[in-house]
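Open the model in a viewer and keep the selection panel at hand. The stops below go one chain at a time.

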Amino acid sequence: MRPDGLPIWTSAAMPGHLHDTRCARELGLTAALNRSAAELDLPTLAESGYESTGHGIKTPVKQPADGICLAPDNRARNRLLCGPRWRGERGLPILIGRWKTPGHTTISPRRAGDIVAGALHLPPSDTNTHHQVAEINSLERGSVKTLKRSPDRPRGVVSSVASDAHTWNLVYLQLLLEEHGYSVRNLGACVPVEDLVAGCLMERPQLLVLSTVNGHGLIEAPSYIRRVRERAELHGLVVVIGGKLNVGGTVADDDVRRLLHLGFDGVFTTVDSVQEFRRFLTHTGKAAAGE
Amino acid sequence: MSGLGHFGSRVAGRGELVVQSRMGFSDPAQMLDGLRAVRDAPVESVGTITLDSFTRTGQLRRARDEVLRGTPLNGYPLIAHGAAVTRELIAEFDQSVFPIQLRHGSARPYALFKEMLAAGITATEGGPVSYCLPYSREPLSAAVAEWERSCELLAAFDGPASPVHLETFGGCMLGQLCPPDLLVALNILEALFFVQHGVRSISLSYAQQTNPLQDREGIEALRVLAGEWLGGVSWHVVVYTFMGVYPESREGALSLLAASARLAALTGSERLMVKTVAEAFRIPTVAENVQALRCAAAAARGTEPGEAHDDCGEILHAARTLVNTVLEQHSSIGAALVAAFRRGLLDVPYCLHPDNANQSRAIIDSAGRLQWASTGAMPIAAYAPAHEARISAADLLSMLGYNRARFDSLDPGHPDRTVGATTSSERPTPCP
């Protein structure tokens with residue numbers, strides 16, 4: 001949770017019998033938080049359940065069991081610690097209270113982490129569209145579908161970037177992927193990075209195709225690939241980008257190399273892109289089908 | 001009302017076709033050069049400031065950061081530069097002779113319109129459907145609500161160069177592969193929406209498609225319906241040069257442009273939005289824009305308005321059915337549009353927006369006319385040839401590239417020379 005109450009990260013679901021502090025230790029959280037306190041001067045405020053997890057994790061002094069009042073210094077300390085924590089607490093309703101599904105989930109507890117992860121990636125502001133609300137509430141169904149889906153049909157996600165409104169490229173790519181045996185989810189135009197990550201977490205595709213033709217691709221693509229690559233759940237996802245990535249018309253080799261370096265598996269920007277991409281699809285389609 | 005500064009009447013009052021480009025640069029100095037070049041070109045023209053797509057999609061901080069960093073954007077970041085800079089930029093243009101239109105592409109335009117009015121610009125464009133379904137993720141109902149208050153803001157403006165002029169973009173849905181009857185219906189519905197919210201100066205749009213005869217019928221149907229519905233409002237028609245996959249060859253690009261100019265002149269349209277020879281590759285330069293304006297004006301000068309023939313019957317009938325069906329949904333046109341899209345009574349083919357049914361499909365028939373392969377739940381008939389509904393990626397690509405193939409084949413040096421035939425009326429006009 002950030003100091004302003006926005007959640008940053010959620011873990012995969014952990015078994016219910018483990019205590020909170022043990023989970024935090026096993027996930028490497030306590031080590032990371034203590035380190036950030038020591039090196040970045042960024043301590044963590046936590047509830048009293050996390051007592052004795054390290055110098056960087058500040059917890060309130062517990063009320064003595066014998067009914068004696070805490071010393072004024074300790075009371076002052078508790079107030080100071082608990083005061084700012086309300087902001088952090090706000091993050092929990094953002095993850096759980098906003099959506100119907102996390103409150104009434106009936107899927108395997110092991111997969112509950114995915115739903116929370118999906119909620120994390122939808123922005124918690126008033127800009128939420130009803131589509132996003134519908135999406136997160138249907139996450140549960142989506143996950144079940146994912147589990148039931150036949151494993152031999154590879155899944156693809158087709159998407160644009162946030163500032164690009166063109167869609168003919170996306171309509172074409174969807175048909176092309178379908179003809180190469182993919183089942184496709186088309187995220188459409190102007191996709192914010194949060195929606196893209198949430199869409200991928202829901203769909204768990206083998207292939208993500210970003211296509212943008214408005215000339216802002218080189219500016220926007222880096223944050224997209226970073227956010228996709230930092231999700232462990234999407235490890236191994238093949239991500240390609242193509243279209244008109246700058247306003248000049250020709251993309252320099254250095255820019256292509258930079259995109260590949262950031263984690264794209266393919267960059268298609270030349271006049272022969274369509275042929276190249278079809279060859280790429282034939283290749284990766286076979287790989288995805290395990291041939 | 002000063003009258004003189006009024007965009008609509010300035011356009012309609014000139015005898016000749018007014019030609020306009022879509023220019024937008026992030027650097028104010030370059031923007032100024034562009035506007036000057038258009039003003040000084042020997043054609044009847046109006047100025048354009050097109051916004052960049054960060055501003056268009058509300059990513060204002062990003063627009064500001066990139067401006068500070070000096071990255072060239074794909075348009076003019078109005079809010080990052082602010083009304084004061086913009087006002088100064090356009091100060092040297094006498095808008096009673098050379099009015100300027102703001103082109104934005106936003107489904108949430110309220111803040112843009114406020115800034116625009118503060119900067120002294122009183123002509124713009126868009127629409128609750130035409131700038132939502134093709135270009136944004138905003139729910140249609142949210143776009144309708146925002147456009148309602150935005151139209152009221154424009155209608156309430158009472159300054160120099162009022163009333164504010166608003167052009168509906170409904171005739172350009174997705175740029176291509178949308179049959180004319182739906183384009184005409186959306187135009188009329190958006191115009192009625194504007195009128196219901198107080199706007200009194202309107203233009204209707206029509207984007208050139210794949211068959212000149214069909215386009216002519218489409219524009220004639222648009223004029224008939226506008227005459228029936230838009231009494232008491234000043235309106236004119238703006239034709240858009242083909243907005244889809246553009247020819248790559250110079251000759252092909254210029255002849256497609258000339259064909260659209262002739263279409264505009266023939267149908268008595270008042271204004272034309274041009275495209276340039278660079279369209280297939282990148283954002284055009286100032287010089288390319290000016291050249292396009294000159295070519296279009298030259299082509300239009302050689303064409304006399306034709307007699308309106310009665311043969312726009314089919315398009316007119318289908319468009320009228322669509323308009324009437326939608327208006328029956330609700331007395332508020334905004335609510336009627338939302339209901340119509342929800343029920344699939346309006347359905348834009350190939351449009352991916354979640355509020356569009358996307359059940360309808362359009363194809364290009366052997367004569368190059370756009371036809372409905374499937375109309376979904378819309379109250380109009382499909383063309384229904386012995387044609388299976390499934391459209392492959394290759395089919396789609398060839399339909400999208402129909403005009404490119406047809407017009408590039410005009411260029412003797414182009415490899416597609418043999419593809420498609422062109423009538424002599426589509427021969428390119430020599431350019432000044």
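The domain bounds used here come from an automatic or database domain assignment. The model itself is predicted.

**Chain A: domains**

Select residues 20-119 of chain A for domain 1, then residues 144-288 for domain 2. Next, show the contact between these two domains: domain 1 of chain A contributes four residues and domain 2 of chain A contributes five residues. Colour the domain 1 side of that contact by residue class; two of its residues are nonpolar, one is polar and one is charged.

**Chain A: a helix and what follows**

Now select residues 29-40 of chain A, which form helix H2. This helix has twelve residues, and the distance from its first C-alpha to its last is 15 Å, close to the 16 Å expected at 1.5 Å a residue. Step on to Asp41(A), which follows H2(A) and has a positive phi, near 60°.

**Chain B: the sheet**

Move to chain B and display its open sheet of six strands. The strands run in the order E1-E8-E7-E6-E5-E4, and the pairing is parallel. Select residues 18-20 for strand E1 and residues 123-126 for strand E4 of chain B; these are the edge strands, and each pairs on one side only. On average, neighbouring strands of the sheet are turned by 25° against each other, direction ignored.

For a pair inside this order, select residues 201-207 (strand E6) and residues 234-240 (strand E7) of chain B. Seven bridges join E6 and E7 of chain B in the parallel sense.

Technical notes
Residues are numbered from 1 along each chain as its sequence is written. Chains are lettered from A and ligands numbered from 1 in the order in which they are written. This is a predicted model: local features need pLDDT of at least 70, side-chain atom pairs count only at pLDDT 80 or more; totals for chains, interfaces and linings use all residues. Two strands pair if DSSP finds at least two bridges between them. Helices (H or I, at least four residues) and strands (E, at least two) are DSSP runs, numbered from the N terminus. Axes are lines fitted to C-alpha atoms, for helices over the stretch in contact, and angles run from 0 to 180 degrees between N-to-C directions. Two residues are in contact if their C-beta atoms, placed from the backbone, lie within 7 Å. Ala, Val, Leu, Ile, Met, Phe, Trp, Tyr, Cys and Pro count as nonpolar, Asp, Glu, Lys and Arg as charged, and the others, Gly among them, as polar. The expected span of a helix is 1.5 Å times one less than its number of residues.
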